[in-house]
Amino acid sequence: MIRRVSTTSCLSATAFRSFTKWSFKSSQFHGESLDSSVSPLLIPGFHVFHCPDVVGIVAKLSDCIAAKGGNILGYDVFVPENKNVFYSRSEFIFDPVKWPRRQMDEDFQTIAQKFSALSSVVRVPSLDPKYKIALLLSKQDHCLVEMLHKWQDGKLPVDITCVISNHERAPNTHVMRFLQRHGISYHYLPTTDQNKIEEEILELVKGTDFLVLARYMQLLSGNFLKGYGKDVINIHHGLLPSFKGRNPVKQAFDAGVKLIGATTHFVTEELDSGPIIEQMVERVSHRDNLRSFVQKSEDLEKKCLMKAIKSYCELRVLPYGTQRTVVF
């Protein structure tokens, strides 16, 4: 069963903090673009809530926002059928003078304690720091280039601390010149089957909020995931049927597949089986040559990864059980 309540008005952007075993995050609402220029006093905030399902949760959260002079712009609720669990995501505008950021955390925490919440996360993008991320990749550059360009254009709400790769790149390449120009460090860490250089990677990613595997063709061990302790997001192709071994895209092309796809998911110890955040598909045909086939596959991967990261940063992604997600 899905319960949904939505209200609409105006405005955009703001804040941060993490939660539970997976510190999933998100912003924006029902496809609307918030514009903080509507009022110089009011700014947007976002709140996600996950707790056992009981009567009165929505009323209590709404009253909390209204009591501080805030106005709810949109509200999503999800209550799975035959499960005693409640999920919600609210978007609201408020006056930070009347409702200071620290007080907001305390007010929502009081409600979290009342309902024994599993998670209660507030984000105010214009006041909270951007998420710090590190990017890991191997030989292919297409996802990295897409992320760097979106970041440069202000469309990726993160700070990129560094890029780590198990493949060396010449200093005069487009990617290396871009990284140098923007002060983003590049670390070449060659790996072998016997040595995955995980301790060195963990040292480089200290202080980041989550990691992105932008086509990193190495398995991360359970020890690495436990040592990092935060979310790791991965992108991989989705080909039907599945093709194993080297160059699966070429195998799929030779087999004449008619549908290609991409999947973005959280990384777990089991290969490519973590909770799914986003998936995209596109048809291909006999008219595609290998070049156009590969280009379509890479374009899907770029779009799928970018949408998943945007949803994550906008507090739209919540854990649902052990293998699924709620994506508002």
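1. Let's start with what helix α7 packs against: its buried residues meet β10 (231-239) and α8 (290-313). The residues in question are P248, V249 and A252, in a helix that spans 248-255. Here, buried means under 20% relative accessible area, exposed means over 50%, and partly exposed lies in between, using a 1.4 Å probe and protein chains only. Viewed down the axis of α7, the buried residues fall within an arc of 105°, so they line one face of the helix. That arc is taken from the directions running from the helix axis to the C-beta atoms. Just after α7 comes G256, with a positive phi of about 70°.

2. A word on the model before going on. It is a predicted one, in which local features need pLDDT of at least 70 and side-chain atom pairs count only at pLDDT 80 or more, while totals for chains, interfaces and linings use all residues. Residues are numbered from 1 along each chain as its sequence is written, and side-chain values use heavy atoms, with hydrogens and water left out.

3. Now the pairing of α7 with α8. The two helices pack at an angle of about 125°, and their axes are 10 Å apart. Axes are lines fitted to C-alpha atoms, for helices over the stretch in contact, and angles run from 0 to 180 degrees between N-to-C directions. The helices α7 and α8 are therefore oblique to each other; under 35 degrees would count as roughly parallel, over 145 as roughly antiparallel, 65 to 115 as roughly perpendicular, and the rest as oblique. From α7, the contact uses V249, K250, A252 and F253, and from α8 it uses L290, F293, V294 and S297. Contact means heavy atoms within 4.5 Å.

4. Helix α4 (residues 174-181) is worth a look too: V175, M176, F178 and L179 are buried there. These residues cover an arc of only 160° around the axis, which puts them on the same side of α4. On the other side, Q180 and R181 are exposed. The cover over the buried residues of α4 includes α3 (142-152), β7 (158-165) and β8. Just after α4, G183 takes a positive phi of about 70°.

5. Which residue does UniProt list for "active site"? The record gives D272; such annotations may be inferred rather than shown by experiment, and UniProt positions are given in the numbering used here, with feature names shortened. D272 sits in the loop between β11 (259-266) and β12 (276-283). Its relative accessibility is 39%, so D272 counts as partly exposed. Neighbours within four places in sequence aside, D272 is in contact with N234, H236 and H265.

6. Two backbone spots deserve a check. Most residues other than glycine have a negative phi. I197, though not a glycine, has a positive phi of about 60°; it lies in the loop between β8 (185-188) and α5 (198-204). I197 is buried, with a relative accessible area of 11%. L315 is not a glycine either, and has a positive phi of about 55°. L315 is placed in the loop between α8 and β13 (317-320), and at 1% relative accessibility L315 counts as buried.

7. Finally, the overall picture. The protein has eight helices and 14 strands, which are DSSP runs numbered from the N terminus (helices H or I, at least four residues; strands E, at least two). Of its 328 residues, 51% are buried.
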